[in-house]
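Dear colleague,

I am handing over the structure we spoke of, and would be glad if you could look through it with the notes below at your side.

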Amino acid sequence: MLKFYTRFEINDVTGSSLTDHDMTQLHYKKITSLQRAVFAKFPSLRVFALSNVATVDNRESLEQHFGGLDGKGLLQIATFLNLVPEEVVSPLDWHRVDEQFLRELLITRHERRCSQLEALNEMPLYPTEQIIWDENVVPSEYYSGESCLALPKLNLQFLTLHDYLLRNFNLFRLESTYEIRQDIEDAVSRMLPWQSEDGDVVFGGWARMALPIASFAVVEVAKPHLGEKKPSRVRADVGVTLSVRREIKAEWENLRKHDVCFLITVKPTQPYGTKYKHREPFIPQVGLVSVRGCEVEGMLDANGRVIEDGPEPRPQLQGENRCYRVWLDSNQYRLDMDDLQEGADDVYESFNILMRRKPKENNFKAVLETIRHLMNTECVVPPWLHDILLGYGDPGAAHYSNMPNQERSLEFNDTFLDYNHLEASFPNYNLKCEVPEENRQPPFRLIFEDVPIEKESDGEDHEETPEGELTKSILVQPYKYEARGPYPSDKPKQNSIRFTPTQVEAIRAGMQPGLTLVVGPPGTGKTDVAVQIISNIYHNHPNQRTLIVTHSNQALNQLFEKIMALDIDERHLLRLGHGEEALETEKDYSRYGRVNYVLAKRMDLLSQVQKLQEALGVSGDNAYTCETAGYFYLYNVMARWEKFQSQICVHEEETDAGKLRAEFEKEFPFGKFFADAPQPLFKGANYDELMDIACSNFRYISDIFNELEEFRAFELLRTGLDRSKYLLVKEAKIIAMTCTHAALKRKELVNLGFRYDNILMEESAQILEIETFIPLLLQNPLDGLNRLKRWIMIGDHHQLPPVIKNMAFQKYSNMEQSLFTRLVRLGVPTVDLDGQGRARASICSLYKWRYKKLEDLQHIFERDEYKQANPGFVHDYQLINVEDFKGVGESEPNPYFYQNLAEAEYIVAVYMYMRLLGYPAAKISILTTYNGQKHLIRDVINARCGNNPLIGWPHKITTVDKYQGQQNDYILISLVRTKAVGHLRDVRRLVVAMSRARLGLYVFGRVSLFKNCLELQQTFKLLTQRPLKLSLVPEDKYPTDRLASADVASQDMRTVENMSEMAQFVYERYMAKMEELKDTLPSEEELQAMRNQLPQEDEEDVPEEASEEPPEKRAAKEEPLSKKKTTEAFKPTPILNEINVDDTEMTQREEIQQEATDEDQTQESAPAEES
């Protein structure tokens, strides 16, 4: 690493980056100066002095030439080149001039430098077994933070963009290698490879993500490209047998082009029946020999051709044998063939396992290729961003106030609801408005008088306002939207959110050129601000294109759904990636969905043109294509409009409104076309108003033809692919994608000529540094400049960072630091949103201490839902202490797979209690800090109430990390750990956990453990001020009229001591509820009377769901339950982890279950007993 950085591609004096070509020129300069020195001083080295550079610039050649020189000769050359002083006197008496040092100095300085870029281009992108299990390269043990590791670091500053990309490349590669190691160990250990008696491999188990390979053959090794050593392409066929369940078979058959798989060779030494031990080393147990990556080209059909992905359905293949055509890594293949020449084994003869990975986690190769491609091209970052990205210079240099092109006048459209809202939004400014108060209606144009007036570019001398004369005042100019037509649907959609002053400052900063960082604590309306910024840019700069990037598909969909509610023409919206299916809208915003929309809209507009043609009485087929419609507009529509304007202007002085209206209706040529609009068409009282109405109606017509002109390209382009590319490159103005999609598709987007002017990033504190950087470079520079004008990043660095699984990369290499967090740490100015409107004030106090300033918005104190108490609970938030159940607290059936049965049972009992009170399931989410507990809670819900229509499943059961960015009214959290605090010690995770709830938060955990944790004390101090035993108000109903501020009488309150008591209590409530429901069911006679009232002829058409379940059947279902429960005390069903349960134990359990079933002698209750 030291050697690498001593020869790094940077100018030692100016600090500017050097290209590979610059480095080569410097090397030649050094060598030629050495040759000159030798030529002048040492005739014996004349051969060296006259040789060409390529023959003498390697270490062997230099050692050979300089090996014969003594110390005196070496010193002469070194002093001639100014490498050492002529006399070693003070203050340079520390200098070494011995022979060994001087020889090494000359050789090291003049030997050819290995190009970092060449080495990178020859590097295989897939990890092999040597790297995957090398503890020095990919540490697996828990990293304590005390030792130093040989890993690159992501700090605050970087030497050059090349250094920045290289560090990210190496770390991203190693982190994905660690994840691949985990996947391989999981899949191969499940397959249980054993050695058969004849020495072959047999598999004693099976894995969802891996299959034994039936056949493997390399089918093509293409010739290398000019100047390269590696083959240009290596393809192979992999045969497997899909004798697995139908859904797993479908997963294998749906492997897409470019999906990455791994070819694994195992040669086990363990005999039949050996159990795999998770806590022992992996490689000796399974006998793993080699791992190679490959990229799927496609599955082969019966004729051996690759089945292409396309609109037509895939052919159905017979049998279970499938063959995949894959691309192998050419660099790796070349290295393996070189090793084969030297006597190593041929790894391509022995593969016996094919492993796939989850698609979401399997994009590492595409991202690495993108980074490598960026390093091979000249990265052009906007000059105003360059130094800030590298961590140098003034951190505020890219703030809008320091930008030379800051805009003085901004149109805020529908940002402000009224003039009072505008006044409240700029408390530090003096507002001036020349319009009378009654006419001060939005929208407003604001002219900021503290922004200097720019000089005109035409060279005329306009005096720039001196700094001293700039005043902190705003000139407010109300303006009117141009009416778009006579129909009610033509009225633009309006924003209805009353933004706070800090939100308005964030919107203003986002509209200005430069870098804007918005820190948004939970519930402060980050998405609303983002959407308003996008809308305002769209209206202020109609020719600019904005790129929206988020971390998750869900955040992108939330953003998109809000954008659709604003005044943005939907033909300008486009959503890239695979997440558009989850958009909760009938409209399809994907590429092909937008193409279909455009084609349908074109037909609709042409039918409008046909209607206009008939209204004007023009003959001919003018509405056939966009082209003919354009001619029709020019020669018929425009001609009539111009004629109307010239005729009507004669009546400008007319004062009689009735006459004027009659004249307008008579002369207006398109009156017949607007016959279906609200009548009368002309409602004005004077000439100007009537002329405005005529202009708005004509604007409606001209908009039709303008849109058709835009759609004309879709007639000329014939294929869906070409049309979708045109839409992406030309038509769409707001393009949305995830950061992963941007990293995967960068090359494709750049080749298409994709262009954009602004980037808005949501959740930017959750995006990896490199995945934040790549979207800046999704376009080729124009004339050596990047056209990016605005970069808006919205996030919260006090919440969870990007997910890095390896502790060493996370902590030592600082890989979890997002670019957003780095910029905040560097001191880049931020806009901190300070008004939260999500949670009750009391719940907000649990996490607001983490932020500089976080106040509650007014509606938190005014709305009924915040004033009312949570039905059935004394407190709106509470920490409930959960002790061991049968002597067990946390358990760990597998490494790091933490579970806590007592907490799982307690949470599910509370959830059932809430459902019995009437809480909607959709308003309750259950969160936990560990994946193991998430699975356990799902198992408990499934056993207790999942299939019970009265209770059912909550909205979500997931981990805190996965729930970031989401919210719900009521949150139940399980903290799981009872021995050590674990990863909740990270305050950012605590902030996320505490800030998900709006109205009720109930935390279950071991109080004695967490309250002493220093990092969490601020929150747990507040939590422990309330009782640590669950306090209920059992007689409440949902919704309740009880106020949150009202005290609860002690007789109405019930304190629950522990989990068992809560479970028993819920069971009693459930049985009482069932009795209550029985009484409300109609009797058989009433049911028959209802049936008789139905129309006889429609009897067959009545759907089955419409008929009520007969009471006899319902009673038969419930009777055995009531019999059993009244005679026996409540026993919680044990939820056991059955991963390591052997067959004998399972058989014994099944026998016990069968006996219990026989005793009941009731057919309907059997499923309940089994569950």
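This is a predicted model: local features need pLDDT of at least 70, side-chain atom pairs count only at pLDDT 80 or more; totals for chains, interfaces and linings use all residues.

I begin with the surface, where Glu652, Glu653, Asp688, Glu689 and Asp692 come together in a patch of negative charge. Of these residues, glutamate 652 sits in the loop that joins helix H21 (626–648) to helix H22 (657–667), and it counts as partly exposed because its relative accessibility is 44%, which lies between the limits of 20% and 50%.

Asparagine 697 belongs to helix H23, which spans residues 687–716. Its relative accessible area is 1%, and asparagine 697 is therefore classed as buried, the limit being under 20%. When neighbours within four places in sequence are set aside, the residues in contact with asparagine 697 are Gly485, Pro486, Phe668, Phe674 and Leu681.

With a relative accessibility of 25%, glutamine 868 counts as partly exposed. Residues up to four places away in sequence not being counted, glutamine 868 touches Arg840 as well as Thr1040, Arg1042, Leu1043 and Ala1044. Glutamine 868 and leucine 999 are separated by 131 residues in sequence, while the distance between them in space, C-alpha to C-alpha, is 9.4 Å.

Key:
Residues are numbered from 1 along each chain as its sequence is written. Side-chain values use heavy atoms; hydrogens and water are left out. Patches are made of residues with over 30% relative accessible area and no salt bridge: like charges are joined within 9 Å, nonpolar side chains (Val, Leu, Ile, Met, Phe, Trp, Tyr) within 5 Å. Accessible areas come from the Shrake-Rupley method with a 1.4 Å probe; for residues, only the protein chains shown count as cover. A salt bridge is a side-chain nitrogen of Lys or Arg within 4 Å of a carboxyl oxygen of Asp or Glu. Lys and Arg count as positive and Asp and Glu as negative; His and the chain ends are not counted. The place of a charge is taken as NZ of Lys, CZ of Arg, CG of Asp or CD of Glu. Helices (H or I, at least four residues) and strands (E, at least two) are DSSP runs, numbered from the N terminus. Buried means under 20% relative accessible area, exposed over 50%, partly exposed in between (1.4 Å probe, protein chains only). Contact means heavy atoms within 4.5 Å.
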